[in-house]
Structure formats: C-alpha cells, structure tokens
Amino acid sequence: MDRVTVSMLLDCYGALLSKRQRSLLRQSVDEDYSLAEIAERENISRQGVRDALQRAQEQLLSFEKALGLLERRRRVSAAAAELGALAESNGADAAYVESLRLSALRLIDELEGSDGI
C-alpha cells in the first residue's frame, strides 16, 4: 500500500488504532523514518516495527472495507471537482468556481458531520 493511501487511511481511522500503532505509522508515513530509525527510537527490533506496521495497515484496510469513509471522501471530492468544471464550462470565472467547490465541500461536511474532506 502506498504512503499516500496509508496517510489518508490514518487520517480517517487513526483514532481506532492503538496509541502505539498510530505512533509507529506516523513515524513511518508522515515523518518518513526508516524501519531502523523507528526501531532505535522505540527500542524494538526492525522486524518488530515491520510486523507492527503491517498489522496496523491491515487494520486500516479492514476499517475502510467495513466503513468506506475514504472512498466516500474521494467520490465527494470528484463530485465537487465536476461541479467546478461544469460551472467553468458555463463561463464562470476561476474565483467563482473555487468558491463554489469550497461551498459544496463545506455543505457536505455539515451534512455528514465530519471534520473535513
């Protein structure tokens, strides 16, 4: 699984992981530490880090399969981009198109009660 996907899944479901799993994933994905660097910082083996990261990623994927929040966010973002493209194709200026896109995202956030898309 690529870093961007793991990072996005971590943003969506990180609260469902243990504190340790979140910490290891953040070090790996967000801070770009190597297995050796994380192992040294956490005082565990490289293999222990790799196994913990693998398990955490598998959990994130299982959460996504069950709940589908990341896929929903992708669909909403695509719909907002489509709205912007439609407005632009009808002669709207760039500032208006961006305002429309952001308004649509804010409205969807409010409807879903989420922290952001």
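Buried means under 20% relative accessible area, exposed over 50%, and partly exposed in between. Keep these words in mind for the close-up views below, which all come from a predicted model.

**View 1. Arginine 26 in helix α2.** Arginine 26 sits in helix α2, which covers residues 19-30. Its relative accessibility is 29%, so arginine 26 counts as partly exposed.

**View 2. A salt bridge between aspartate 11 and arginine 26.** Here the closest N and O atoms of aspartate 11 and arginine 26 are 3.8 Å apart. The pair links distant parts of the chain, with aspartate 11 in helix α1 and arginine 26 in helix α2, 15 residues apart. Aspartate 11 counts as exposed, at 52% relative accessibility. In the whole structure, a search finds 6 salt bridges. Some of them share partners, joining Asp11, Arg26 and Asp30 into one network.

**View 3. Two further salt bridges.** Glutamate 31 and arginine 41 meet through their side chains, at 3.7 Å from N to O. Both are partly exposed: glutamate 31 has a relative accessible area of 42%, and arginine 41 has 47%. Arginine 50 and aspartate 51 also form a salt bridge, again at 3.7 Å from N to O. Arginine 50 is partly exposed at 40% relative accessibility, and aspartate 51 is partly exposed at 29%.

**View 4. The aromatic pair of tyrosine 13 and phenylalanine 63.** A search of the whole structure finds 1 aromatic pair. The ring centres of tyrosine 13 and phenylalanine 63 lie 5.9 Å apart with their planes at 45°, so the pair is tilted. Tyrosine 13 belongs to helix α1 (residues 3-13) and phenylalanine 63 to helix α4 (residues 46-67), so the pair ties together parts that are 50 residues apart in sequence. Both residues are buried, tyrosine 13 with a relative accessible area of 1% and phenylalanine 63 with 18%.

**View 5. Helix α4 and its buried face.** The 22 residues of α4 should span 32 Å at 1.5 Å a residue, and the 31 Å between its end C-alpha atoms agrees. Among the buried residues of α4 are Val49, Leu53, Leu60 and Phe63. Seen down the axis of α4, its buried residues fall within an arc of 135°, so they line one face of the helix. Lys65 and Ala66, on the other side of α4, are exposed.

View 6. Leu16, Leu67 and Leu69 make a nonpolar surface patch of about 270 Å². Leucine 69 belongs to helix α5, residues 69-89. Leucine 69 is partly exposed, with a relative accessible area of 32%.

Notes. Residues numbered from 1 in each chain as written. Predicted model: local features only at pLDDT ≥ 70, side-chain atom pairs only at ≥ 80, totals over all residues. Heavy atoms only, no water. Patch = residues over 30% accessible without salt bridge, like charges linked within 9 Å, V, L, I, M, F, W, Y side chains within 5 Å. Areas by Shrake-Rupley, 256 points an atom, 1.4 Å probe, with all protein chains shown as cover. Salt bridge = Lys/Arg side-chain N within 4 Å of Asp/Glu carboxyl O. Helix = DSSP H or I, 4+ residues; strand = E, 2+ residues; numbered from the N terminus. Buried < 20%, exposed > 50% of the residue type's maximum accessible area, 1.4 Å probe, protein only. Phe/Tyr/Trp six-rings, centres within 6.5 Å; stacked < 30°, edge-to-face > 60°. Expected span 1.5 Å × (residues − 1). Arc of directions from axis to C-beta.
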